[in-house]
Amino acid sequence: MKLSVVRQRLIFLTARHRLGLVFAATTLSIFLIDRLAGRLLSTLWQRMESGNSNPLDIGFAPEVWLSVIGLTLGTLVIVISIAAQTIPKVADLYMQDWVSLFYIWFVIGGSAHAVYLKVLQDNSVILPASLILNLFILLPLAIILAFPYIFYVLRNIQPDTVIQIIFRRHSSLMRQLTRPSFQTALAKDPYRTALHQSLLESLTQLESIFGYVTFKEPKARVIQVIGMLLQEYVWMKPALGSRFFQISSAIRQDLAFQTMADQFQAIEENHIFYEQKCYRVLGNAYLRLLEDQEFDLASLCGTQLIQVGATALQANDEGLLDITITRINTLMRFALKHGLTHNEARHLYNLVFHYRELIESLIEFERRQKAQRCVYYLRTYANEIYQQGQSTPQVLFIVDVVAAEMRTLLIKTHQARWPLEIQRSLLSEMLQVDNPPELDPTSIEPRHKNSGVRMLQISLALYYLKVQQPEFVALIIEDILDDMQILGTQGFQAMMQRTCDRLQATQPTYWEETDRGNRNLFYTDDTDQIPHFLEHLDRQIRRHSLPRSP
């Protein structure tokens with residue numbers, strides 16, 4: 001155990017003092033190579049001296065070495081300065097890059113070696129093996145490697161490459177956290193704080209890159225990397241131990257937690273500080289994308305969120321699952337506010353789809369209470385859109401979208417053979433989507449303002465007729481009959497006939513493409529049940545039309 005602690009401390013010291021360690025290692029290497037050359041190259045020197053009366057002159061070497069240093073360092077400074085305008089903290093990456101540190105110190109060490117030999121030569125002290133080493137090995141090697149190193153730097157300042165470097169280092173650090181030596185080190189506050197700071201700084205740098213770059217590909221890569229890191233972290237989390245989740249000063253000082261001081265105890269107890277940080281980054285990215293009208297990338301945030309939720313279900317991580325549900329509700333609030341303000345429904349259209357995917361995962365893993373709660377949340381957002389969307393007709397279409405997704409979920413729960421009480425409760429949520437019904441004042445003849453929801457409810461009733469669930473059919477018809485009080489019997493029957501005719505004529509696909517393909521939300525392959533539905537509807541109408549006994 002003591003050896004593991006010592007080893008871990010050495011790892012921390014290496015990471016913290018990387019610049020000095022590389023300098024020491026490079027200097028020592030040049031010294032040892034020089035000593036070794038004195039033994040191996042003495043014979044070669046004797047042959048050169050016997051064939052040439054002029055000794056080797058190293059007077060030009062310091063100037064050549066200085067040119068190599070100027071070329072490499074000048075290129076490095078210029079390139080990083082330009083890259084820093086679009087990629088924040090890119091210089092930090094090169095301060096930690098082993099290749100860059102070793103090459104720069106090698107060039108500086110080689111030039112110092114040449115100056116040292118020049119001083120000795122001026123004082124009539126000749127070290128023949130050292131001269132051969134510097135002039136014929138170190139100097140050509142530095143010149144040959146100069147251009148590959150420049151190309152290496154140019155490649156590594158590309159946003160995609162920087163993101164990949166951050167991802168690899170972050171992922172490597174997380175894998176190291178599962179080692180016993182790291183677990184022992186976590187008992188010490190300085191080491192735990194350093195680890196937390198490394199993880200949080202990487203995520204903050206990804207967020208900063210997302211805000212600086214203008215191209216879509218790096219932005220998409222940042223979103224994907226955060227999702228991948230979260231999914232990888234879920235599987236490693238059980239092996240991290242409780243000490244890792246203790247709130248450190250690095251967490252307290254991180255910008256993402258500045259407004260969450262009163263939640264630190266809950267965050268520590270639930271072991272969710274890392275998830276909170278990642279979701280804050282995704283949430284901020286989603287807001288930026290909405291403002292920039294980049295709805296395809298905004299949809300990618302929802303995709304990653306759902307994938308993390310599915311991973312949490314597989315890993316049985318209830319804490320992460322709860323905050324995933326909270327986060328997608330938060331995104332719904334962001335999207336709803338933006339949609340109502342700008343009369344824009346595209347991001348809501350995509351996000352509702354992702355919400356349905358999350359609930360489908362809950363259904364698959366038999367999380368019944370959470371699935372019920374999410375359906376309630378979804379219906380609540382639909383009702384808010386229905387009430388506030390009268391002046392934003394583009395957004396009002398989302399009410400139909402929510403109803404379509406709820407129809408899909410109800411069919412899933414029936415196929416999963418969930419208890420009838422739960423199915424009845426979920427059906428009740430769907431029937432409240434457009435409550436209360438309203439008339440369209442612009443129509444010549446009385447008609448329901450949001451007939452799309454009625455089409456979807458009827459299509460669900462057709463499915464229940466096919467699977468022989470007359471109780472649910474009766475509940476749907478009872479809700480639909482509310483319209484008869486507004487439209488009257490004749491107007492109501494005419495509207496029902498038109499709705500059924502539209503269902504009959506609906507095709508499986510649209511004639512235009514959307515973000516979700518061209519699947520028609522209103523299509524049902526149960527149209528053969530329409531006559532049976534109309535029979536049930538007529539019986540209910542007659543029953544409601546009969547005078548009640550006193």
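Visitor: Does Phe-397 count as buried, partly exposed or exposed, and why?
Guide: Bear in mind that this is a predicted model. Buried means under 20% relative accessible area and exposed means over 50%. The relative accessibility of Phe-397 is 31%, so this residue counts as partly exposed.

Visitor: Which kind of pair do the rings of Tyr-349 and Phe-397 make, and why?
Guide: The structure holds 12 aromatic pairs. In the pair of Tyr-349 and Phe-397, the ring centres are 6.2 Å apart and the planes stand at 35°. Planes under 30 degrees apart count as stacked and those over 60 as edge-to-face, so the pair of Tyr-349 and Phe-397 is tilted.

Visitor: How many residues apart are Tyr-349 and Phe-397?
Guide: Tyr-349, which is buried with a relative accessible area of 10%, belongs to helix α17, while Phe-397 lies in helix α19, residues 393-415.

Visitor: How are α17 and α18 oriented to each other, and why?
Guide: Helix α17, residues 346-364, packs with helix α18, residues 368-388, with the axes 9 Å apart and at an angle of about 160°. Angles over 145 degrees count as roughly antiparallel, and therefore α17 and α18 are roughly antiparallel.

Visitor: How many residues of the contact of α17 with α18 are charged?
Guide: On the α17 side the contact includes Val-352 and Tyr-355, and these and others meet residues of α18, among them Lys-370 and Ala-371. The contact residues divide into 10 nonpolar, no polar and, as charged, one.

Methods
Residues are numbered from 1 along each chain as its sequence is written. This is a predicted model: local features need pLDDT of at least 70, side-chain atom pairs count only at pLDDT 80 or more; totals for chains, interfaces and linings use all residues. Side-chain values use heavy atoms; hydrogens and water are left out. Axes are lines fitted to C-alpha atoms, for helices over the stretch in contact, and angles run from 0 to 180 degrees between N-to-C directions. Helices (H or I, at least four residues) and strands (E, at least two) are DSSP runs, numbered from the N terminus. Angles under 35 degrees count as roughly parallel, over 145 as roughly antiparallel, 65 to 115 as roughly perpendicular and the rest as oblique. Contact means heavy atoms within 4.5 Å. Ala, Val, Leu, Ile, Met, Phe, Trp, Tyr, Cys and Pro count as nonpolar, Asp, Glu, Lys and Arg as charged, and the others, Gly among them, as polar. Rings of Phe, Tyr and Trp (its six-membered ring) pair if their centres lie within 6.5 Å; planes under 30 degrees apart count as stacked, over 60 as edge-to-face and the rest as tilted. Buried means under 20% relative accessible area, exposed over 50%, partly exposed in between (1.4 Å probe, protein chains only).
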